[in-house]
Amino acid sequence: GFNYLGRFSGGTGRDWEPLADIGALREGVDPANPAVALEINALAQDGPDGTRLDIALAWPAGILAGADVAELASLWAQALTALSRCPDLAGHTPSDFPLVAAAQSDVADWERRGDVEDALPLLPLQEGMYFHSAYGGGVDTYRVQQVAELTGHLDPDALRTAVSAVVRRHQALRAGFRELADGRLAQVIWTDAEPEFHVVESSDARAADALAAEQLSRPFDLADPPLLRYVLTSLAPDRHRLIQTMHHIVADGWSYPLVFGEVVAEYNAAVGAGRAPEPPAATLRDHAEAIRAVDHDAARAAWAEQLTGVSPTLVVDDTAPVGEHVSVVRHLSEELTRALIGTARDRGVTPSTVLHGAWGLVLGGLLDRADVVFGSTVSGRGGRLAGTEGIVGLLINTIPVPMSWTPGASLGAVMSDLQDR
């Protein structure tokens, strides 16, 4: 009998997995068990040097001789080695990507671009962003940009090397989004996805701003990674800007400082001024597996209960085309900030509840309603999977916040009810 147990990634901290320094799982057979002439158990283990196939052969001594089984195992190993060297058999099969329902035609299409590391389902918010980006009539509002101000002497080649190293570290930064044969989507992680990196001299800050605007205006092809690009511009011998432009579908606001922090660490390592950062404790695949393991039926039932009787809260009725996003920023004084935090503490609610509650009351006042629902962003990090704080990716999600109150109720009661809900 032949039993393939699957592929395992040891040392991730999840339950019931083999560790690289212990070895594969083995089994014993009771001598009284009915004899099987030859039993084979195989599993693949991911380790620091790649994936290793472990095969255990078991046989009853009264039927087969150990020398005969050893010879059989040797012949089998030779056959597997010969197959591994056959160029016509190179590449992956759908079974290498168990988290998505890919066909062999999908895999072949991916591999025309290059070697594939993994294929993962889209995370919840990625599905919405993909829809708006792919079917937005040519309008894609999910391009984002961050600019780092750098001072001192700078080696552009070392910075290019640092950026490439960070892209190699994080699966999300090598992801492209492909439609499968059955119409569903997958984010495909390619082994290599070198980002654009240009060095441009700027005469002044205005020219640098224009350069950043030009980079932000260029669209991304979601099927062709990496979905980020860089421009390094120097305003003076000791003043530089690193312009990072990416599609929001591959990274959230939590990820941006992670990326820049690792770029700086990798740069320091490249010029001999520090050590490269440690590998991430958890990967995007780990997070995708954790999301997949959630009881989705229970989650839907819980949300259905919370949203029963809730009606949409529409601030704008028409469907005018989306234009450029414009931000308005207001800074609360330190005195008011302290007062809000103190009041929240005295009332037994969090500052987050106060901010959300105030927004709900504003919406209610604008619409003359005492019940509203609005979206709120959650980080998507934490939970049972350790190390999510170091993952670069779009882990955030937007959840509905239903809020209702009785006209004339005290602010304290409204905030307490919101927090309880």
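Mentor: Let us begin with a definition: two residues are in contact, or touch, when heavy atoms of theirs lie within 4.5 Å. The model is predicted, so local features need pLDDT of at least 70 and side-chain atom pairs count only at pLDDT 80 or more, while totals for chains, interfaces and linings use all residues. Residues are numbered from 1 along each chain as its sequence is written, and side-chain values use heavy atoms, with hydrogens and water left out.

Trainee: How many helices and strands does the secondary structure of the protein come to?

Mentor: Helices (H or I, at least four residues) and strands (E, at least two) are DSSP runs, numbered from the N terminus. Counted in this way, the protein has eleven helices and twelve strands.

Trainee: What percentage of the residues of the protein count as buried?

Mentor: Buried means under 20% relative accessible area, exposed means over 50%, and partly exposed lies in between (1.4 Å probe, protein chains only). Of the 421 residues, the share that counts as buried is 34%.

Trainee: Which residues touch T245, leaving aside those up to four places away in sequence?

Mentor: T245 belongs to strand β10, residues 239-247. With a relative accessibility of 0%, T245 is classed as buried. Its partners, beyond four places in sequence, are V144, Q145, Q215, L216, F220, L227, L228 and R229.

Trainee: What distance separates T245 and L227 in space, C-alpha to C-alpha?

Mentor: L227 is among the residues that T245 touches. Along the sequence the two are 18 residues apart, and from C-alpha to C-alpha they are separated by 8.4 Å.

Trainee: Which residue makes a polar contact with the side chain of T245?

Mentor: A polar contact is a pair of N or O atoms within 3.5 Å; within protein, one must be able to donate a hydrogen and the other to accept it, and residues adjacent in sequence count only if both atoms are side-chain atoms. At a distance of 2.9 Å, the side chain that pairs with T245 is that of Q145.

Trainee: Which residue makes a polar contact with the side chain of S202?

Mentor: S202 sits in the loop between β8 (196-201) and α5, and at 9% relative accessibility it is buried. At 2.4 Å, its side chain meets that of T233.

Trainee: Why does D54 count as buried?

Mentor: D54 is part of strand β3, residues 50-58, and its side chain forms a polar contact of 2.5 Å with Q45. D54 is classed as buried because its relative accessible area is 12%.

Trainee: What is the relative accessibility of V392?

Mentor: V392 is also found in the loop between β11 and β12 (397-404). V392 touches H170, A172, L173, A251, S255, L258 and V259, not counting residues up to four places away in sequence. V392 counts as buried, since its relative accessibility is 1%.

Trainee: Is D368 buried or exposed?

Mentor: D368 lies in the loop between α10 (351-367) and β11 (371-378). Its phi is near 55°, a positive value in a residue other than glycine. Because its relative accessibility is 74%, D368 counts as exposed.

Trainee: Which residue does a cis peptide bond join to P225?

Mentor: The residue in question lies in the loop between α5 (205-217) and β9 (228-236). The bond has an omega of about 0°, and the residue joined to P225 is P226.
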